[in-house]
Amino acid sequence: LSLPRSKRKAVVFEEVSKFLGVPGGENIVREYYAQMRKFKAWVISIVQAYSQFKDSPIRGTIMTMSKQFFFMRQEDQRDMDDLCKDKELSRATREAIRSHPNPEFVNYAYSQ
């Protein structure tokens, strides 16, 4: 926050559901989502297991205040159902997420 407002900043909550277990974590996340845009800051939350996040009291704030979502393949059917219901994702989007290749199994070929 000490950087000039004109400078783009990013705040990343890696595995936000775990961070919410830290004393005051919920208030910190809520405040960052509510206030950091005026400081030209991106607030990014990473959720690996939606089931650990869906009942969080802060879930509504994060899901409503977030403008972009990046989904990787979802193996857990219940997580996929909950996610599709919460974000009102179409059947085509759901299938695209379910069929996305697992990054750890993709054979990337880089050419120089």
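Predicted model: local features only at pLDDT ≥ 70, side-chain atom pairs only at ≥ 80, totals over all residues.
Me: What makes up the secondary structure of the protein?
Reply: The protein has six helices and two strands. Helices (H or I, at least four residues) and strands (E, at least two) are DSSP runs, numbered from the N terminus. From that end the elements run β-α-α-β-α-α-α-α.

Me: Why is Glu15 called buried?
Reply: Buried means under 20% relative accessible area, exposed means over 50%, and partly exposed lies in between (1.4 Å probe, protein chains only). Glu15 has 12% relative accessibility, so Glu15 counts as buried. Glu15 sits in the loop between S1 and H1.

Me: Why is Lys40 called partly exposed?
Reply: Lys40 has a relative accessible area of 34%, so Lys40 is partly exposed. Its place is the loop between H2 and S2.

Me: What makes the phi of Glu15 and of Lys40 worth a remark?
Reply: Most residues other than glycine have a negative phi. Glu15 is not a glycine, yet its phi is positive, about 50°. Lys40 is another residue other than glycine with a positive phi, near 60°.

Me: Where is Ser17, and what does Ser17 touch?
Reply: Ser17 is in helix H1. With a relative accessible area of 16%, Ser17 is buried. Contact means heavy atoms within 4.5 Å. Not counting residues up to four places away in sequence, Ser17 touches Gln52 and Phe53.

Me: How do you know that Lys9 has no salt bridge?
Reply: A salt bridge is a side-chain nitrogen of Lys or Arg within 4 Å of a carboxyl oxygen of Asp or Glu. Lys and Arg count as positive, Asp and Glu as negative; His and the chain ends are not counted. For Lys9, the nearest side chain of opposite charge is Glu31, 15 Å away. Lys9 is buried yet has no salt bridge.

Me: What does the side chain of Lys9 reach?
Reply: The side chain of Lys9, a residue of strand S1, reaches the backbone oxygen of Phe39 at 2.7 Å.

Me: Which residues touch the most other members of the largest nonpolar core?
Reply: A nonpolar core is a set of buried Ala, Val, Leu, Ile, Met, Phe, Trp, Tyr and Cys residues joined through side-chain atoms within 4.5 Å. The largest one has 15 residues, and Val16, Val29, Phe53 and Ile62 touch the most other members. Helix H2 (25-35), strand S2 (41-45), helix H3 (50-53) and helix H4 (59-65) each supply at least two residues. Beyond its neighbours within four places in sequence, Ile62 is in contact with Val16, Val29, Tyr33, Ser45 and Phe53.

Me: Why do the buried residues of H2 line one face of the helix?
Reply: In H2, Gly25, Val29 and Tyr33 are buried. Seen down the axis of H2, the buried residues fall within an arc of 65°, so they line one face. The arc is that of the directions from the helix axis to the C-beta atoms. An α-helix has 3.6 residues a turn, so residues three or four places apart point the same way.

Me: What makes Asp76 a cap for H5?
Reply: A side-chain oxygen of Asp76 lies 2.9 Å from the backbone nitrogen of Arg78, and Asp76 caps the N-terminal end of H5. The buried residues of H5 pack against H3, H4 and H6.

Me: Why is Ile97 called buried?
Reply: Ile97 is at 6% relative accessibility, so Ile97 counts as buried. Ile97 lies in helix H6 (residues 91-99).

How values were computed
Residues numbered from 1 in each chain as written. Heavy atoms only, no water. Polar contact = N/O pair within 3.5 Å; in protein donor to acceptor, adjacent residues only side chain to side chain.
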